[in-house]
Amino acid sequence: TLTPKTVSISETTKYDALPDTPAVSSGETLFFASSDAGDTRIMELYPLSERSAFAAHEASEAVPRYIEGEATDIASTATGHCLCVLAPTDPTLVYVFRWAVSGGEKIQAAWMKWEMGGDVVAIEWIEQKLFLLVRRVSAAGVHSTTLETLELGSLLEDGDLPFQIHLDRREELTGSYASATDLTTFTFSYTPSDPALVTQPDSAGEGMYQLQIKGQSGTAVTVRGDWSDETVWAGELFASRYVFSRPYLRERAVPQGVQSQLSLPSSLVALILELRDTYQLDVVVEGPINTDSYRAIRGPEINEAALGTFVAADGMHRCGVMADPRREAVVLENNSPWPFRVVGAEWEMRVTSRGKRAPV
């Protein structure tokens with residue numbers, strides 16, 4: 001019989017947590033939010049090797065005060081290594097923490113944020129799909145609340161395509177052709193802010209085309225020509241951005257009695273990327289005065305086939321940047337329906353070294 005006399009509870013750990021934000025589990029790990037001077041830090045509670053004791057560390061330590069405001073909701077996959085956080089300062093953002101595990105050890109981790117274009121009311125993971133309740137206001141002032149899903153996985157594909165088309169709020173549409181104007185009209189289920197249409201015509205074999213939009217009126221979008229017999233993927237374009245952290249150099253081994261000091265790289269000369277299945281990619285150098293953009297991978301133009309006549313980039317690719325790491329950031333960008341995958345990156349840089357003899 002369980003009674004207060006036969007059972008006792010002893011405290012093993014103690015950490016501060018936001019009382020109105022429930023903790024969530026992922027495998028053997030428990031994630032919870034705590035306050036950081038009005039912002040949020042995410043803590044990770046995990047069992048030690050002996051399993052009878054627990055410890056915690058800050059999962060958001062590498063990005064202090066990245067989550068602005070105190071978190072209101074947390075959701076995590078059981079096995080997909082992904083944690084999502086909502087905060088009130090900007091309700092259109094979903095803060096995302098992803099990590100990779102090998103041999104039971106976490107080998108990589110990264111924070112990012114998704115801009116949803118509307119206020120995210122609630123989030124919940126069901127298996128490998130994230131369900132989001134999003135409240136939006138159209139340009140015409142129409143309010144709507146929709147239940148949207150987002151699936152995470154490696155190498156996702158659309159049908160028999162070797163990749164997944166990158167469009168937000170994506171749906172499949174069939175158009176209506178008017179021979180008098182030679183225009184095909186596609187009607188969205190919502191009013192898109194930056195619409196894009198992608199199709200795979202039967203006559204083009206494996207070709208994939210982004211159609212040139214001629215006009216938009218509310219939910220209706222028109223393109224030139226007869227596309228009424230084709231299935232079209234329709235959605236909104238969104239920008240993917242990856243910002244490289246500032247590169248540092250480790251001190252080299254030097255002869256005994258000599259102190260060597262290496263400054264930060266005086267300039268970043270080139271970025272060498274290892275790419276897989278990349279159809280379009282820009283390398284951007286952002287500074288306090290100017291922003292320079294370099295088209296690393298050109299990508300298909302409007303009405304140019306993304307498959308067949310255009311071949312995806314694979315292997316090593318070098319892009320000159322000429323950036324000052326003290327004042328400028330190097331960013332990877334893609335604002336197209338076509339995918340990109342970066343599996344590695346290296347820098348070419350100029351370095352200034354100085355040395356002096358240690359006092360005797």
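**Labels and their cut-offs**

Author: D36, R41 and E58 are linked in a network of salt bridges, where a salt bridge is a side-chain nitrogen of Lys or Arg within 4 Å of a carboxyl oxygen of Asp or Glu. This is a predicted model, in which local features need pLDDT of at least 70 and side-chain atom pairs count only at pLDDT 80 or more, while totals for chains, interfaces and linings use all residues. Residues are numbered from 1 along each chain as its sequence is written, and side-chain values use heavy atoms, with hydrogens and water left out.

Reader: What makes R169 and E148 a salt bridge?

Author: The closest N and O atoms of R169 and E148 are 3.8 Å apart, and the cut-off asks for a nitrogen and a carboxyl oxygen within 4 Å, so the pair is counted. R169 belongs to strand 12 (residues 168-173) and E148 to strand 11, 21 residues apart, so that distant parts of the chain are linked; strands here are DSSP runs (E, at least two residues), numbered from the N terminus. The whole structure holds 13 salt bridges.

Reader: How do you know which class D277 and R341 belong to?

Author: D277 has a relative accessible area of 33% and is therefore partly exposed, and R341, with 32%, is partly exposed as well. These two residues form a salt bridge with the closest N and O atoms 3.2 Å apart. Because D277 lies in strand 22 (residues 267-278) and R341 in strand 27 (residues 341-350), the pair ties together parts that are 64 residues apart in sequence.

Reader: Why are strand 9 and strand 11 said to stand at the edges?

Author: Three strands form an open, antiparallel sheet in the order 9-10-11, and two strands pair if DSSP finds at least two bridges between them. Strand 9 (119-126) and strand 11 (143-151) each have a single partner strand, so one side of each is left without a neighbour in the sheet. Strand 10 (residues 129-137) and strand 11 pair over nine bridges, and the bridge partner of F131 in strand 11 is T149.

Reader: What places S76 among the buried residues, and what does its side chain meet?

Author: S76, in strand 5 (residues 73-76), has 13% relative accessibility and therefore counts as buried. A polar atom of its side chain lies 3.4 Å from the backbone oxygen of C82.

Reader: What makes a group of residues a nonpolar core, and which residues touch the most other members of the largest one?

Author: A nonpolar core is a set of buried Ala, Val, Leu, Ile, Met, Phe, Trp, Tyr and Cys residues joined through side-chain atoms within 4.5 Å. The largest has 17 residues, of which F31, I42, L83 and V85 touch the most other members. Strand 2 (29-36), strand 6 (82-86) and strand 7 (93-102) each give two or more residues to this core, and the largest share, four residues, comes from strand 7. A second, separate core of 16 residues includes F244, L281, V285 and V321.

Definitions and conventions: Buried < 20%, exposed > 50% of the residue type's maximum accessible area, 1.4 Å probe, protein only. Polar contact = N/O pair within 3.5 Å; in protein donor to acceptor, adjacent residues only side chain to side chain.
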